[in-house]
Amino acid sequence: MWRGSSAGGSQGAAMEGTGGELGGQGNWGLEDAPGLLARASLPIMPAWPLPLASSALTLLLGALTSLFLWYCYRLGSQDMQALGTGSRAGAVGGRPGGCSEAGRPSPGRSGESGEGPRTEGLMSRRLRAYARRYSWAGMGRVRRAAQGGPSPGGGPGVLGIQRPGLLFLPDLPSAPFVPREAQRHDVELLESSFPAILRDFGAVSWDFSGTTPPPRGWSPPLAPGCYQLLLYQAGRCQPSNCRRCPGAYRALRGLRSFMSANTFGNAGFSVLLPGARLEGRCGPTNARVRCHLGLKIPPGCELVVGGEPQCWAEGHCLLVDDSFLYTVAHNGSPEDGPRVVFIVDLWHPNVAGAERQALDFVFAPDP
């Protein structure tokens, strides 16, 4: 075995006697290597006990997971509760303010309903759910409508005569009466179906005397002298009425812009008896246009929308934006008989396809 000099040897012995600190001076031999390696592998600082660290990390992750699951549960519970409340309140209705022809009772006059803020929040939540599932593309106007309330700035609409009760879609052309050319296909289809629709009305008609309860399918009078039989009510088909009116139902199935999957969408017969009058009404939204097909129009009938008078004609359609204040009256004599129109809710022609899809999702009929 090779050794260093005697002086080195005495220093090496001193190292061995004292534990041989690393970095000490002196010579060493091969037989000293195992001891030196063992000393070199010792940790510089004592490590945190591994089992304790693992348990602490597991507890922390478990606590974070439980907190996340609790948050998701609370969020989902609140959304479901809000959806249920909105459905019970009526996604379109608000507080009844009078007879809205061919549909549910319309929202009350501007400022009357107490459903505004709650409905606005419900619409925003449903719109966010739609965007998560699909996209925000093309949703600028719908998003502003959800955030801004039923009309610009929450106040009256154009000149104070346009007051939709629930949804005001901004930047839509506003006029009380819409040109026929805007919905040419649907207008021509309904007018060509006039004989079949008139026959259907004859099959379901009654004397409208008010002395007996309305027959099956007819709604109770929502106002004196105002009766209706609906094939679609708030976006839901009424199967028994549709079977009794095959011609009208066939015409509805052929329409391109009928709001058949939206709570704003209604279709059916509207009857106004002599002496009846509906004044100062507004529909729930400017996103729709109501198509009136005249079936029986006696003398003395009156229709005023946004201050502009018009009159129905048998076999012809009128396109009405009922988000404007409107008045309907039958000023004829009892011998003239009732005024009868077939009313269908169509999409406003300037509502884009992506907006229609989003609004159908937000205002889907109750299951």
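Me: Which residue stands opposite V271 in β11?
Reply: V340 does. This is a predicted model, where local features need pLDDT of at least 70, side-chain atom pairs count only at pLDDT 80 or more, and totals for chains, interfaces and linings use all residues. Residues are numbered from 1 along each chain as its sequence is written, and side-chain values use heavy atoms, with hydrogens and water left out.

Me: How many bridges join β4 and β11?
Reply: Six, in the antiparallel sense. Two strands pair if DSSP finds at least two bridges between them. Strands (E, at least two residues) and helices (H or I, at least four) are DSSP runs, numbered from the N terminus.

Me: What about β2 and β4, how many bridges there?
Reply: Six bridges, and that pairing is antiparallel. Q228 has S270 of β4 as its bridge partner, and L229 stands opposite F269 in β4.

Me: Is β4 mostly covered or mostly open?
Reply: Mostly covered: six of its six residues are buried. Buried means under 20% relative accessible area, exposed over 50%, and partly exposed in between (1.4 Å probe, protein chains only).

Me: What is the strand order in the sheet with β4?
Reply: The order is β1-β9-β6-β11-β4-β2-β3, seven strands in an open sheet with antiparallel pairing. β1 (177-178) and β3 (236-237) are at the edges with a single partner strand each, so one side of each has no neighbour in the sheet.

Me: Which helices sit on it?
Reply: α6 packs on the sheet and touches β6 (288-296), β9 (317-320) and β11. The direction of α6 makes about 140° with that of β9. α7 lies across β2, β4, β6 and β11, at about 70° to β6. Contact means heavy atoms within 4.5 Å. Axes are lines fitted to C-alpha atoms, for helices over the stretch in contact, and angles run from 0 to 180 degrees between N-to-C directions.

Me: At what angle do α7 and α9 pack?
Reply: About 135°, with the axes 7 Å apart; α7 covers residues 194-204 and α9 covers 246-253. The two helices are therefore oblique to each other. Under 35 degrees counts as roughly parallel, over 145 as roughly antiparallel, 65 to 115 as roughly perpendicular, and the rest as oblique.

Me: Which residues make that contact?
Reply: A196, I197 and D200 from α7, and P246, G247, A248 and A251 from α9. They divide into five nonpolar, one polar and one charged. Ala, Val, Leu, Ile, Met, Phe, Trp, Tyr, Cys and Pro count as nonpolar, Asp, Glu, Lys and Arg as charged, and the others, Gly among them, as polar.

Me: Which residues of α9 are buried?
Reply: G247, A248, A251 and L252. They cover an arc of only 140° around the axis, which puts them on the same side of α9. The arc is that of the directions from the helix axis to the C-beta atoms. The face turned away from the buried side carries the exposed residues R250 and R253.

Me: What do the buried ones pack against?
Reply: α6 (184-192), α7, β2 (226-233), β4 (267-272) and β11 (339-347).

Me: Switching to the sheet with β5, what is its order?
Reply: β5-β10-β7-β8, four strands in an open sheet with antiparallel pairing. Neighbouring strands there are turned by 15° against each other on average, direction ignored.
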